[in-house]
Amino acid sequence: MFYTEWRLALSGIFGTTSIACWVVLLVPQLIDQWRLKSSEGVSLIFLTVWFLGDCANLLGALWARLLPNVVLLAAWFVVADAAELSSAFYYRYIYVSESSRVRERTEPEEGEESDLPLLASDRLGVEATAFADEEELLESQLPANRRDSALIKYILPVLGVFVAGGIGYAFSSHEQPENDGGDSGDLPISLGPQILGYISALLYLSARIPQIIQNYQRKSVHGLSLLFFVYSTLGNVTYAFQIILYAPNAQYLILNFSWILGSLGTVFQDAIIFAQFYIYDSRKNPQIQSEVLPMENTDETAD
């Protein structure tokens with residue numbers, strides 16, 4: 001009995017912590033795109049496939065008639081994805097197009113300065129990248145105590161979701177399930193929701209591949225929010241362990257295997273992206289840093 005109570009309590013805490021992660025998941029990425037006025041760092045294919053995965057997840061939750069809070073969370077995923085896709089599309093195409101037209105009206109005539117090497121839209125992208133790289137370079141020259149303060153923007157938000165998860169669990173109902181780990185052979189397995197669950201898992205597992213490839217091709221993670229992937233990893237791990245601890249028996253785990261697969265499977269891909277954040281960090285890679293400086297000087301000469 002004591003083991004069961006602690007197991008269900010941990011499952012509940014993991015569940016509310018997972019919800020806290022999902023609620024704020026895309027906020028850091030949206031803020032970075034607004035701050036940089038660019039979405040070049042994030043792959044639109046990644047966001048689109050992820051959005052389709054969340055749509056399949058929502059349809060599966062509705063079809064299986066899951067608890068209202070599960071359905072509402074799945075619906076929130078779709079709304080948040082739509083907001084991120086809209087923001088990424090806006091800064092990728094609409095904002096750049098409008099900025100290009102403004103620059104074309106303010107740039108000198110072709111006869112006055114014909115040696116400009118870049119179009120207005122290209123110059124905008126180069127200037128944004130050079131500004132961000134200069135910002136990183138300046139940050140690397142700050143005193144140690146100032147650099148340490150950068151850790152706070154990761155530590156405090158992560159602690160915040162754990163605190164929110166604990167508070168959420170404290171104020172939630174702690175009902176013990178009818179089947180708490182014993183024989184679950186009578187649990188029904190509906191084919192339709194299971195198919196949608198595996199479709200969703202497949203989409204989740206394939207969504208990050210375009211982002212990993214784009215990071216590798218660009219040799220940069222500029223424009224990506226590290227906190228976004230930290231929240232994603234925490235949310236997936238706590239979500240999976242919520243399911244595993246809730247009723248650790250074969251039938252229940254088979255019933256929810258697609259959701260476990262979609263959660264834990266993406267953690268390994270997130271680990272690759274974390275490695276890319278480390279490898280492509282210009283403050284740790286002198287070769288990348290040396291390539292940035294000539295680009296800045298060239299752009300200043302052209303101006």
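Basis. I worked from a predicted model, in which local features need pLDDT of at least 70, side-chain atom pairs count only at pLDDT 80 or more, and totals for chains, interfaces and linings use all residues. Residues are numbered from 1 along each chain as its sequence is written, and side-chain values use heavy atoms, leaving out hydrogens and water.

Entry 1, helix pair. I looked up α3 (residues 44-63) and α7 (residues 191-218), whose axes come within 8 Å and cross at roughly 165 degrees. Helices are DSSP runs (H or I, at least four residues) numbered from the N terminus; axes are lines fitted to C-alpha atoms over the stretch in contact, with angles from 0 to 180 degrees between N-to-C directions. The pair is therefore roughly antiparallel (over 145 degrees).

I located Arg-208 in helix α7. Arg-208 is buried, at 2% relative accessible area (buried is under 20%, exposed over 50%, partly exposed in between; 1.4 Å probe, protein chains only). I noted a polar contact of its side chain with that of Ser-232, at 2.7 Å (N or O atoms within 3.5 Å, one able to donate a hydrogen and the other to accept it; residues adjacent in sequence count only if both atoms are side-chain atoms).

I found Lys-37 in the loop between α2 (27-36) and α3, with phi near 55 degrees. Lys-219 lies in the loop between α7 and α8 (226-246), and its phi is near 50 degrees. Most residues other than glycine have a negative phi. Lys-37 is partly exposed at 30%, and Lys-219 is partly exposed at 38%.

Definitions and conventions:
Helix = DSSP H or I, 4+ residues; strand = E, 2+ residues; numbered from the N terminus. Parallel < 35°, antiparallel > 145°, perpendicular 65-115°, else oblique.
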